[in-house]
Amino acid sequence: MIRIEDRLYDHANFEETSARLAEQAGLHNHEGGRYAVCFTETADWLSVFFAIRKAGASVLPIHPGTPYPAARKLAIGAGCDRLFYNSLTAEVLDAPARGSPKGQLLQMSSGTTGAPKCVARSWDEIDAEIESYVRTFREPEDMTPVVACPATHSYGLICGILVALKRGQTPVIVNTANPKYLLKVLRETERPLLYSSPAILQTLARLMPEGEQIHAAMTSGTLLPDVWFTAIRAKSRFLFQQYGCSESGCIAINPDVTAAGDMGFVLPHLSAGTGGSADEPGEIVVTGMDCNAIHTRDLGYRRADGMLVFISRLDDMINVSGLNVYPKDVEDAVMTMPAVTDAVAFRKSDRFAGERVALLFSAAEAVAPQSVREWCSRNLASHQLPMEILQIDTIPRQGNGKISRRDVAARHAAGEFATSVAGAAS
């Protein structure tokens with residue numbers, strides 16, 4: 001069974017609906033089909049998803065808020081030959097054939113370090129991930145999964161919904177547009193385990209009164225700023241963290257998070273190689289069932305106890321006169337400053353040092369850039385100091401809570417933030 005908002009859908013409901021949809025859409029007559037699906041209603045999306053998977057076809061989930069032209073472009077880019085856009089009448093697309101003898105889950109990568117690309121994983125790979133996840137991560141077995149993230153994203157779809165169904169649990173799917181409603185659902189749910197983004201968790205931590213805690217929370221998608229981590233950890237009786245990428249799915253899970261960078265222990269169906277210590281980190285390279293190496297472009301290391309520790313995206317690292325600057329170090333320092341609520345540090349070209357640090361931040365009040373720079377000078381090394389500091393209303397985050405520093409840098413270079421609250425610091 002699946003509960004969506006306040007309505008309960010049993011297995012028979014989805015079975016009947018999926019069978020009807022398969023017949024109506026002609027899924028069984030389109031062997032090896034590659035379908036893009038975008039529905040506003042979660043129940044409609046899941047019914048179509050289950051029907052496509054049962055038919056052994058391939059599906060590209062598209063976020064329900066995606067406008068039609070963008071959805072069509074994504075579908076064609078992923079090589080889909082059919083698009084269901086809020087209708088059970090499929091639009092036939094003129095896309096290059098990318099048929100597969102086996103059905104696949106198609107996903108567009110987040111694009112945090114470049115243009116999004118289509119990642120295809122077979123249903124066998126998805127099943128192996130779910131089996132490994134359930135067998136290894138035992139702590140939530142008596143908890144109720146509350147999925148407050150897109151059901152079209154692998155985090156919500158696989159780890160939130162499909163894992164819950166594998167365990168015989170009833171997942172609760174909640175729209176995150178109203179954090180107060182989400183908090184109400186958590187209070188009414190027995191031993192809830194909240195699957196959500198860091199931004200939502202941080203919002204809930206601010207809303208919850210003194211002394212109240214979420215029973216359990218799972219964070220994923222991006223490294224929590226230290227200030228956020230401290231607040232979320234204090235408001236969660238149990239705090240879990242998982243780490244993964246589009247190509248491999250979930251890689252590691254931490255069943256008891258005590259530090260933001262501790263991603264977890266690698267799931268047994270995968271292996272991961274990386275650096276051996278904080279002083280000698282290396283790229284995290286994952287090997288899956290097909291023995292192909294997946295280069296994550298993440299920098300980290302493994303502790304002696306097996307914990308996988310994340311340091312930074314390799315593409316986000318800033319080289320200032322030969323010295324490496326990790327953006328999170330700058331952001332954490334800035335976010336300890338009173339009134340500052342969020343921050344992003346990114347790379348900017350410099351004719352003398354090659355690269356320098358630039359900073360955007362948001363705050364509850366106007367804060368002079370020079371004050372931020374003085375604060376940084378007391379908490380950071382000289383090569384870490386931002387050369388340009390701008391205050392803006394809201395830090396641009398993606399739907400999953402991630403920040404694309406590449407995108408922020410491009411928008412900054414285009415002058416998009418030139419009219420921000422604060423000016424540049426020399």
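Search the whole structure for aromatic pairs and you get 10 of them. Take Y243 and F310: their ring centres sit 6.5 Å apart and the planes meet at 55°, so this pair counts as tilted. Y243 belongs to strand β13 (residues 236-245) and F310 to strand β19 (residues 308-313), so the contact ties together parts that are 67 residues apart in sequence. Both Y243 and F310 are buried. Elsewhere, ring pairs link W45, F49, F50 and W123 into a cluster.

The protein averages a pLDDT of 90, and 93% of the residues score at least 70. Helix α1 (residues 11-25) has the lowest confidence, with a mean of 78, while strand β9 (residues 144-147) has the highest, at 98. Over residues 420-426 the pLDDT stays under 50, and the model has 20 contacts beyond four places in sequence for that stretch. Where pLDDT is low, the predicted coordinates should not be read in detail.

**A helix on the inside**

Now look at helix α5 (residues 154-167). Of its 14 residues, 12 are buried, so the rest of the structure largely encloses this helix. Among the buried ones are S154, Y155, G156, L157 and R167. K166 is also in helix α5, but K166 is partly exposed, with a relative accessible area of 47%. Leaving aside residues up to four places away in sequence, K166 touches I130, E131 and V134. N324, by contrast, is 44 Å from K166 in space, C-alpha to C-alpha, and 158 residues from it in sequence. Just after α5 comes G168, with a positive phi of about 80°.

The largest nonpolar core has 58 residues, and L182, L194, V334 and V372 have the most contacts inside it. If you click on V372, you'll find it touching V334, M337, L359, F361, V367 and I389, not counting residues up to four places away in sequence. A second, separate core has 47 residues, including F49, M143, Y155 and C250. Two of those names have come up already: F49 is in the ring cluster, and Y155 is one of the buried residues of α5.

**A three-stranded sheet**

Which strands make up the open sheet of 3 strands, and in what order? The order is β22-β23-β24, with mixed pairing. β22 and β24 (386-391) are the edge strands, each pairing on one side only. On average, neighbouring strands here are turned by 20° against each other, direction ignored. The two pairings look like this:

| Strand pair | Sense | Bridges |
|---|---|---|
| β22 (residues 340-350) and β23 (residues 354-363) | antiparallel | 10 bridges |
| β23 and β24 | parallel | 5 bridges |

A hairpin of 3 residues joins β22 to β23. L359 is a handy residue for finding your way across: in β23, L359 is the bridge partner of A345, and L359 also stands opposite I389 in β24. Both L359 and I389 are on the list of residues that V372 touches.

Helix α10 (residues 369-379) packs on this sheet, touching β23 and β24, and its direction makes about 135° with that of β24.

Conventions:
Residues are numbered from 1 along each chain as its sequence is written. This is a predicted model: local features need pLDDT of at least 70, side-chain atom pairs count only at pLDDT 80 or more; totals for chains, interfaces and linings use all residues. Side-chain values use heavy atoms; hydrogens and water are left out. pLDDT is the predictor's confidence in each residue, from 0 to 100. Helices (H or I, at least four residues) and strands (E, at least two) are DSSP runs, numbered from the N terminus. Contact means heavy atoms within 4.5 Å. Rings of Phe, Tyr and Trp (its six-membered ring) pair if their centres lie within 6.5 Å; planes under 30 degrees apart count as stacked, over 60 as edge-to-face and the rest as tilted. Buried means under 20% relative accessible area, exposed over 50%, partly exposed in between (1.4 Å probe, protein chains only). A nonpolar core is a set of buried Ala, Val, Leu, Ile, Met, Phe, Trp, Tyr and Cys residues joined through side-chain atoms within 4.5 Å. Two strands pair if DSSP finds at least two bridges between them. Axes are lines fitted to C-alpha atoms, for helices over the stretch in contact, and angles run from 0 to 180 degrees between N-to-C directions.
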